[in-house]
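Please look over the sequence and structure below, then read on.

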Amino acid sequence: MWTICRRFSIFPVTKLLMNAAKMSTSVEIQLTVPWGHISGKSWGNPAGKHVLALHGWLDNAGSFDTLIPLLSSDLHVVAIDLPGHGRSSHRPRGSTYNAFQYVADVQYVIDALKWEKFSLLSHSLGAGVSSWFAASQPNLVERLVLLDGGGFVHAPVADIPKLMGRALSGLSAGDKMLDNKSFSTWDSVVDKVWEGQRQRQVGFSREAAGVLAVRGAIQMESGEYRLTRDLRLKQPSLLRITEDTNTAFLAAIQCPVLFIRAEDSYLDLELFKSSIEAIRKSNLQQLTVAGGHHVHLEHPERISGTISDFFQNTSCPGKL
């Protein structure tokens, strides 16, 4: 079941969003899931080719706000806030966040949308989720776009018991984590989001942070703002995977894959090199573009044509 929501928050609109708004509009949706809801944005004609967009860690569906309007009008794109992000429900107290659950979330979303076939457009963490889903449900996924990511971070087998112990030690503390910090002005919210991104990637713009902040914060009755992400997202995961497991999933992908690597990404290519190498060469197309980890948000025009061509099943030149 899914519901169209026509409630729109009033926040400052950046130049990036203004450029996107000239070409397309979106509708807010809310999908019912067992623990609450998954929120998102629907773009294009629902009768078009279905595409599900999955964002990265601590981002939200707004990550695609500047890219999706530049894609082919023949597509129907739904960008969701993963659980614990943006406007989606947090997981219940006593539960945790891990890679396997995110893959299951995709199935809940597809069931709610009643899609029989669709493609995936995914960034960073979302790329890991989408690649595992495509491997697990090959009859559902037609095409897969990986933006600066693919597969999941893995650990040596010998390290996994120690890593689980570390996660267990912080489990009770994580359940008590509540973010009561409020911000008196919208600028202070954007600055907080910007600060968090710049800790991981030099060069991320404040304007891009403002785009993410629109879905990443709410205004309270007091007039102050509060960030919406679940602080437990920063807790170590209880579940760890080995490189062999990750490689097996990537090797099982049957659909065509477009991997776009950001030239100035803060991610070390070695982190997911084995994942990309595991994908069948006959299915894989690769492209490197100038820009940082969020090139799809900050410079969408550099990749929109390539992605549209890929989804439309036409030639897609470029290699890593």
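## Helix α3

Helix α3 is mostly covered, with 11 of its 12 residues buried (under 20% relative accessible area, 1.4 Å probe, protein chains only). Helices (H or I, at least four residues) and strands (E, at least two) are DSSP runs, numbered from the N terminus. Among the buried residues of α3 are Trp-132, Phe-133 and Val-129. The elements covering the buried residues of α3 include β4, α2, β6, β7 and α8, where contact means heavy atoms within 4.5 Å.

The 12 residues of α3 (residues 125–136) should span 16 Å, and its end C-alpha atoms are 17 Å apart, which agrees. The expected span is 1.5 Å times one less than the number of residues.

## Basis of the model

The model is predicted: local features need pLDDT of at least 70, side-chain atom pairs count only at pLDDT 80 or more, and totals for chains, interfaces and linings use all residues. Residues are numbered from 1 along each chain as its sequence is written, and side-chain values use heavy atoms, with hydrogens and water left out.

## Strand β5

Six of the six residues of β5 (residues 75–80) are buried, so the strand is largely enclosed by the rest of the structure. Leu-75, Val-77 and Ala-79 point one way from β5, while His-76, Val-78 and Ile-80 point the other way.

Strands β3 (residues 36–44) and β5 run antiparallel, joined by five bridges; pairing requires at least two DSSP bridges between two strands. Ser-42 stands opposite Val-78 of β5. Strand β4 (residues 49–54) pairs with β5 in the parallel sense over six bridges, and Leu-54 has Ile-80 in β5 as its bridge partner.

Methods: Buried < 20%, exposed > 50% of the residue type's maximum accessible area, 1.4 Å probe, protein only.
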